[in-house]
Amino acid sequence: MAKVIKYEFVEELLRKMTLSEKIGQMYQTNYEGSAQTGPAIDTSKTMDLIKEGKLGSILSLYDNDTIKRLQLAAVNTKNKIPLLFCNDIIHGCRTMLPINLAMSTSWNPKLVEESSKMVAYEASHSGVQVTFSPMVNLSRDPRWGRVMESNGEDVYLSKELTKSYIKGYQQGNLKGENSIGACIKHFAAYGAAIGGRDYDGVDMSEGELFNNYLDPYKEAIKCDVAMMMSSFNSYNGIPAVANKYLLDDVLRKKLGFNKVVITDYASVNELRKHKVAKDEKESAYLAIKAKNDIEMASTNYLDSLEELVKSGEVSESEIDEACRRVLNLKYELGLFENPLKNIYSDFPKYWLKDESRAIAKKMADESIVLLENDGVLPLKKEKVSFIGPFVKEKKVVGAWGGKCDYNDTVTIYEALNNKNKKYDYALGSNIFDTNEELISEAVNVAKKSSVVILTVGEEQWMSGESHSRARLDLPSSQERLIDEITNLGKKVILIIFAGRPLVLTKYKKMYLEGKISAILYAWYLGTESGNTIVDTLYGVNNPSAKLTMSFPYDVGQIPVYYNHLPSGRPIEDKNNTDYCLRYIDMPLEPLYPFGYGMSYSEVKYGKIELDKDKLFDNSKITVSISITNTSSVKTKEVVEMYIEAMYGVVSRPVRELKGFNKVLLKPGETKKVSFTINKDTLSYYKGSKKVNCYGKYRVYLVSDSSKENFVEIDYSKNTK
Ligand code: BGC
């Protein structure tokens, strides 16, 4: 059950407030049509509401002078309650980090924390008091445009990174000069939308919800996250924003969340479209009963709550409860003491500092994934040419660009020049179109070089909210360019820009045929994109990222993810697969598995050691492995620990990530990596009930989720 927090200051304020003033605190809107992520809303009343002391918060306002003006108007009212300014600062404020999915491939929670701290530093001087981040919706479907904002397909990794984001933003001190509040989103299961279609419904068992979806939120609550956002999707027939089971029974009662829940943009209006409410009044009723404290963008609360209180359908104490949580947050942020907190007119002074760019570069270095390499990389002294639409492209930031200016992006072209590299260049194709002239110019340039670096990909707005795709291939003009260039018999390095896993089957085949020599997945790496790419090509950066979403062999395989449940009919004999779990026209496995990624080094995994092989409820096991960098360059290796339950009271996934450790290895160096296993490592939910699954387990210590290097342990109850 959520504990009620009462600050005397807030309680006194509450006693003085009228009902309509309290309801005003439960409304968030924008001003003069500032950024909007859904249907346009009427903002003509914003200033009047502020002056009447009947508005609680503002979203997506970018101009600090306007923010200041609105804040001064708010505190110049009877109750002097400051506004709260929220914004979507998701992977960078002005200095842009890689997209979040790319950052997750770093498997580096410390670096994610350092990066979020940098973001908080810039945002806390740019009029942002709470950021609508991190987005932790588990993402198993690359058709969904919002996978770019996520931590990928695994709940354990996402949980670890969630801690990093929140620690980085809030720094354990909401009042801090350089910190901002975090709003974790979206509660819950939004990423499981049917068909990867944004805003579509979700039907999911309780066991699935508890085992794979809730841990990041639980972790966020432990880290004292300031706010949580409910989601757009319906969950088992009831839209999340009106879903009492999700928001009240699970979030408030079971997980004990006692801070602000904000709705998503106009999602209370959408209850009518979902066909669960007949009018505004009923929409407001359902949302307040589910315990949403702030309504974002639409005005059902503003227009109907007072009437609902008067008719007795909603009690004033329910309004108090929600308003208290909003005021508590303002109090915790220190806004009553300093309403101008985080609002600076000299904000550009805090942007793009050398230290901030250095962090963005480190993050980008650890987010670029090497998928294939026949030894062509790192480049030696070959004559090289750079071709394709992304060599000079500045828009490689990805959706949710915060306050970015694309002019800040270092392109590959600029990085090559800054680093005095010799190269030839041709465009070859724009992102969506090409012509004979561009193609023949590119072919002529490529012919004169021995290695061609071919940059291809999705345009940056092809992913993000409302940008789901049914096909996951490259625009056809770029496919044509790839065909023309790879027919020349040169060594070709493909660099792919994308906000999601694309289907790369054709290019993997070309790699196997020797027509492509290496594939680098560059996502959108942000401000330092070009510097990271050039450093990676020339071996200054040794890539260390590993995939956090499985890459499908074909769209028809989706959803394809590593931790699926076992089947009663797995393939056991490759020569006889009739009546087995399979496709008859393509493999069952993904093209690239979860956890996979190459580097320029070779790391040898030794034998797994166990200090004991029997686990009891009150004991623990240490499992270790020695890994050796057998190459002559330093490297970072992620050791991944998975478990596989061999039998137990419930059927569990074929593998579950339960630990990882990113280790720096000098040339020739060996390091021992250890993990602890206890009953919590092995526990699992049966429905919403956590159970100890006694039985036999395999423990894998491996470099990706498809590798076979394991030991067995037994887990049983304590014996006396
Ligand atoms: C998105 C949220 C976002 C909000 C405010 C919505 O459309 O789903 O993630 O925080 O807009 O911009």
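Residues are numbered from 1 along each chain as its sequence is written, and side-chain values use heavy atoms, with hydrogens and water left out. Because the model is predicted, local features need pLDDT of at least 70 and side-chain atom pairs count only at pLDDT 80 or more, while totals for chains, interfaces and linings use all residues.

**Stop 1: the ligand**

Select the ligand and the residues around it. There are 14 of them, and the closest are Thr37, Asp88, Arg146, His186 and Asp264; a residue is near a molecule if one of its heavy atoms lies within 4 Å of it. This shell has seven nonpolar, two polar and five charged residues. In this scheme Ala, Val, Leu, Ile, Met, Phe, Trp, Tyr, Cys and Pro count as nonpolar, Asp, Glu, Lys and Arg as charged, and the others, Gly among them, as polar.

Next, show the side chains of Thr37, His186 and Glu465. A polar side-chain atom of Thr37 lies 2.6 Å from a ligand oxygen atom, and for His186 such a distance is 2.7 Å. An N or O atom in the Glu465 side chain is 2.8 Å from an oxygen atom of the ligand. The protein covers 100% of the 310 Å² of accessible area that the ligand has on its own, with areas taken from the Shrake-Rupley method and a 1.4 Å probe.

**Stop 2: the cavities**

Keep the ligand in view: it sits in the largest cavity, meaning that more than half of its atoms lie within 2 Å of the cavity's grid points. On a 1 Å grid over the protein atoms alone, a cavity is a set of points where a 1.4 Å probe fits but cannot get out, a pocket is an open set with protein on both sides within 12 Å along at least five of seven lines, and lining residues have an atom within 4 Å of a point. The largest cavity holds about 80 Å³ of space, a volume being the space filled by probe spheres set on the points. Of its 14 lining residues, Thr37, Asp88, Met229, Asp264 and Trp400 lie nearest the centre.

For the second largest cavity, about 60 Å³ in volume, select lining residues including Gln25, Leu49, Lys54 and Leu83. Its lining divides into six nonpolar, four polar and one charged.

**Stop 3: the pockets**

Select His564, Leu581, Leu588, Glu589 and Val654, which lie nearest the centre of the largest pocket among its 40 lining residues. Strand E21 (635-645) and strand E26 (695-702) are the elements that give two or more residues to this lining; strands (E, at least two residues) and helices (H or I, at least four) are DSSP runs numbered from the N terminus. The space in this pocket is about 1,300 Å³.

Move to Tyr156, Lys159, Asp215, Lys658 and Asp680, nearest the centre of the second largest pocket. Its space is about 570 Å³. Helix H9 (215-222) is one of the elements supplying at least two lining residues, and H9 gives the largest share, four residues.

**Stop 4: the backbone**

Finally, select Phe187 and Ala188, whose peptide bond is cis with omega near -5°. Ala188 is in the loop between strand E5 (181-187) and H8. The bond from Leu377 to Pro378 is also cis, with omega near -5°. End at Ala266, which has a positive phi of about 60° although it is not a glycine. Ala266 lies in the loop between strand E9 (260-262) and helix H11 (270-273).

Conventions
Polar contact = N/O pair within 3.5 Å; in protein donor to acceptor, adjacent residues only side chain to side chain.
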